[in-house]
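Q: Hey, can we go through this one together? I'd like to know what to look at.

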Amino acid sequence: MKWLDALTENSARALARRTTRRSVLGGLGSMLLGAASVPLLPVARGADLKRAGAPPNAQADDPSSCDYWRHCAIDGYLCSCCGGSQSMCPPGTDMSPVTWIGTCHNPGDGKDYVISYNDCCGKSSCGRCFCNRNEGDSTLFQPGRSNDYNWCSGNAKANIPYHCSTARIVGAVG
Amino acid sequence: MRINPLPPSQVNMHHALRARCRMLPMLCAAVVTLATALCGPAHAVLPADVGHGPTMATLPVPASKHWVWVNDFVFPHMADGMAHLIDGDTGRYLGTLSTGYSFAHILLSRDGKIIYSPETYFSRGTRGKRTDVVTLYDAGTLAVRGEIVVPPKRASNMPVIGDAVLTDDGRFLLIYNFTPAQSITVVDTKARKFVREIETPGCALAFPTGPRSFFSVCGDGSVLLVNLDDRGGAHKKRTQPLLPMGSDPVTEKPVRVGDTWYFVTFDGRIVPLEAGPDKATLGPVWWLASPAERRAGWRPGGLQQLAVDAARSRLYAIMHRGGLATHKDPGKDVWVYDLSSGRRIRQIALKNLASSIQLSTDSRPLLYSIFLDSSELDIYDAASGKLLRSVAQVGTTPTLLVTP
Amino acid sequence: MRAATAIAIIGLLTTAANAALAYSPRVDYQLNCMGCHLADGSGQAGRIPSIRRTLLLFSGSPQGRNYVIRVPGVAQSPLSDAATAALLNWMVRNLSDAAVAPNFADYTTAEVAASRPHPLAHVSRARARLLRAAAARR
């Protein structure tokens, strides 16, 4: 069914353009789509928060962009594109209190922040603005540092359907 | 002037069909042909299908060694997990399993007659009461043969092989749970019942080490060795930290040859863990890429990022160029190594990006490759790296490839 | 290509164990504990233990303190022994429902170092035993 192919191809490309230069649909898919992969360095792996200087990035302050600074280790659909925001779940979904927590650098104020990637649960996948970035992400062996778990798993009320992901500020690193 | 030999009603039918065929060309081409055939004066009447012959295709058991199961967690619609069966020799699509919410992967019984599938369902689709089961499918008909209800705790994560494994004797099925408390569910495949849950505090996934044993990997790099007795009872022993977990940790995607599980780190070190029922030791560590290649950014990535040809002692790895934090990125290259020497013996340039690779287990192995964000399965000759064929429209977000 | 050896691994593990991020105990709590135990330490009934109700209680006996240090989340954290001790003391004082006695004996680096290499294999069993013992003491 050609029309179906065309539809998915177009939407995948559009999704890729809209959301991220680095990744498209796929929990690990960082498909390089022509644009340079931004070396969002040293926060990687939570080892060192000292950063030589943030990369120039026009979309670092757009919450519906994968390049938004808070999304440095997010994995999933952006709630900002799904009727919620970077800190709020879309209507009718339930925020999982249990999650994993990392750090991201805000080029806007030069500060590093502790970010909580709470998932919103209880409906099927939002399907919009997929984003996967992995700064500081570890593996399933270290759950508290892994974005590969569905964190709706810790949600007693809406266990476990995953809808989208938020990136909430816990506080500045200090 | 009358140029169409068909009566008006049939002309309209053709127009209607052709209009629809812009939407559904393949299906409709057949219908239009059939309509023409039925209406045209010069054709013999085709025999009726209705009332004759079988209405469902079946598959030979055991499966061909050149078949591959493409597991799909269908990320945009996770309640609708699927597994797709493809014949690697012809590219034919052979059949489907429908496998519920947050699907990881199927497992094949040792005799090839049964397919086990840990699955999750909700009574109202994406809400309501959660039920986890191991569904048993008949390998010849792909029909449901039974199910075993297990605690509703299956981990929901980016699928990895360690999410569910069989012990080497094929008797016990082990399922990783995450609530976020970590444990392993033990299912007796012989008695077809849930046996028990083994607490694995701080330790994840299951990797078989023998007929009745497995290990989980703990967050500090130590290994939890677990032995099962005949009734599924568990005896646990925890090693000292062995596997690297620091700034260059091992991934949760190792492959096994005999007693050795080959782990790979983010930066591309191969870390062999020789593991039996009672002990685990590290073997010599080696790099996938040379120092110069590493400086150029070469590192492994992907979901099912390694594959092994155990008979020939070959390791295949998906490689890409990227910096830190690209440990999950797909690659367009597969590098092949001789496991006994650690020497690279081939570099295969793939047709498409790959996040998962797998090998068939016969004497003339095929190499399968697929990308999570594509649905084209590419099939290569594993020895030469030559592309044999591509199969389009296989799934939505294909994850793990399982070969008989 | 077998340039590196198992010795390299040992070196790396040492690095990992010492990868103490020089953060305040509050930030260490946020980065290493809060994901499951929540910002206020209350956890989730039946799933995730409440630090608020039990940390101070367990910290009153040698067995309890040994348990706390050997819980996987503590034993396996990437923090140094000193940072782990500081974090536990911060949690006792900032996340406990009950009042903390002025003479509360702080967790020490040596104490953490002694118990930490032996993470618990049977957490829920050990926890149940401690809770029973605590109930009997009352």
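Q: Okay, which residues in helix 2 of chain C are buried?
A: They are Val27(C), Asp28(C), Tyr29(C), Gln30(C), Leu31(C) and Asn32(C). Keep in mind that this is a predicted model.

Q: And how many of the helix's eight residues is that?
A: Six of the eight are buried, so helix 2 of chain C is mostly covered.

Q: What's covering the buried residues of helix 2 of chain C?
A: Pieces from two chains. From chain A, the cover includes strand 3 (101-106), strand 4 (111-116) and strand 8 (168-172). From chain C, it includes helix 3 and helix 7.

Q: Then let's do the contact between chains C and A. How many residues does each chain put in?
A: Chain C gives 14 residues and chain A gives 14 residues.

Q: Which elements of chain C give two or more residues to that side?
A: Helix 2 (25-32) and helix 3 (34-37) of chain C. The largest share comes from helix 2 of chain C, with four residues.

Q: What kinds of residues are on chain C's side of it?
A: Eight are nonpolar, five are polar and one is charged.

Q: Zooming out, how many helices and strands does chain C have?
A: Nine helices and zero strands. Reading from the N terminus, the order of elements is α-α-α-α-α-α-α-α-α.

Q: What share of chain C counts as buried?
A: 37% of its 138 residues. As for contacts in chain C with a separation of 6 or more, 66% of them are between residues 24 or more positions apart.

Q: Can you pick another helix there? Which residues of helix 4 are buried?
A: Helix 4 of chain C covers residues 51-58, and its buried ones are Ile51(C), Thr54(C), Leu55(C), Leu56(C) and Phe58(C). Their cover includes helix 3, helix 5 (62-70), helix 7 (81-94) and helix 9 (123-137) of chain C.

Q: What's the mean pLDDT of chain C?
A: The mean is 86, and 85% of the residues in chain C reach 70 or more. Watch residues 1-20 of chain C, though, where the pLDDT is below 50. In the model, that stretch has 41 contacts beyond near neighbours in sequence.

Q: Switching to chain B. In what order do the four strands of its open sheet come?
A: The order is 8-9-10-11, with antiparallel pairing. The edges are strand 8 (164-166) and strand 11 (193-199) of chain B, each of which pairs on one side only. On average, neighbouring strands of this sheet are turned by 25 degrees against each other, direction ignored.

Q: How many bridges join strand 10 to strand 11?
A: Six bridges join strand 10 (residues 182-188) of chain B to strand 11 of chain B. For one of the residue pairs, look at Val186(B), whose bridge partner in strand 11 is Arg196(B).

Q: How many residues are in the largest nonpolar core?
A: That core has 178 residues. Those with the most contacts inside it are Leu173(B), Leu174(B), Phe215(B), Tyr316(B), Ala317(B) and Val334(B). Strand 9 (residues 172-178) of chain B gives the most to this core, six residues.

Q: What does Leu174(B) touch, leaving aside its neighbours within four places in sequence?
A: Leu174(B) is in contact with Ala164(B), Val165(B), Ile184(B), Val186(B), Ala206(B) and Phe214(B).

Q: What's phi for Ser102(B)?
A: Positive, about 50 degrees, although Ser102(B) is not a glycine. Ser102(B) lies in the loop between strand 3 (93-100) and strand 4 (107-108) of chain B.

Technical notes:
Residues numbered from 1 in each chain as written. Chains lettered and ligands numbered in written order. Predicted model: local features only at pLDDT ≥ 70, side-chain atom pairs only at ≥ 80, totals over all residues. Contact = placed C-beta atoms within 7 Å. Nonpolar A, V, L, I, M, F, W, Y, C, P; charged D, E, K, R; others polar. Buried ≥ 20, exposed ≤ 12 C-beta atoms within 10 Å, placed from the backbone. pLDDT = per-residue confidence, 0-100. Pairing = 2+ DSSP bridges. Axes fitted to C-alpha atoms, helices over the stretch in contact; angles between N-to-C directions. Core = buried A, V, L, I, M, F, W, Y, C linked by C-beta atoms within 7 Å.
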